Amino acid sequence: MSHDGTTSRKRRNPMDAAVLKGEQAALAGQPESACPYKDKRVASGRLSFSRAWRNAWVSGHRQAMFRLRQES
């Protein structure tokens, strides 16, 4: 532990993991439509938190595709 009582390890952010999965999918040649996170809605029809997961994955996918295009 550090002097302030916290551990020295960096906390993992689950959204970062979703971004990374999107990047990996793009590098594996999968299309953006392969996103495993569905856009779920609550009973009232409003958006649920699932949109955040989907956006994180898609963001990672698009970032990787952009980098691939820049390299070629």
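Which residue takes a positive phi just after α1? Glycine 29 does, with a value of about 90°. The views below show a predicted model, in which local features need pLDDT of at least 70, side-chain atom pairs count only at pLDDT 80 or more, and totals for chains, interfaces and linings use all residues. Residues are numbered from 1 along each chain as its sequence is written, and side-chain values use heavy atoms, with hydrogens and water left out.

View 1. Helices (H or I, at least four residues) and strands (E, at least two) are DSSP runs numbered from the N terminus. At the start of α1, a side-chain oxygen of asparagine 13 comes to within 2.9 Å of the backbone nitrogen of methionine 15.

**View 2. The buried residues of α1.** Met15, Ala18, Val19, Gly22, Glu23, Ala25 and Ala26 are buried (buried means under 20% relative accessible area, exposed over 50%, partly exposed in between; 1.4 Å probe, protein chains only). Because they cover an arc of only 160° around the axis, they are on the same side of α1 (the arc is that of the directions from the helix axis to the C-beta atoms). These buried residues pack against α2 (50-71), where contact means heavy atoms within 4.5 Å.

**View 3. An aromatic cluster.** Tyr37, Phe49 and Trp53 form one aromatic cluster. Phenylalanine 49 is exposed at 59% relative accessibility, whereas tryptophan 53 is partly exposed at 25%.

Conventions: Rings of Phe, Tyr and Trp (its six-membered ring) pair if their centres lie within 6.5 Å; planes under 30 degrees apart count as stacked, over 60 as edge-to-face and the rest as tilted. A polar contact is a pair of N or O atoms within 3.5 Å; within protein, one must be able to donate a hydrogen and the other to accept it, and residues adjacent in sequence count only if both atoms are side-chain atoms.
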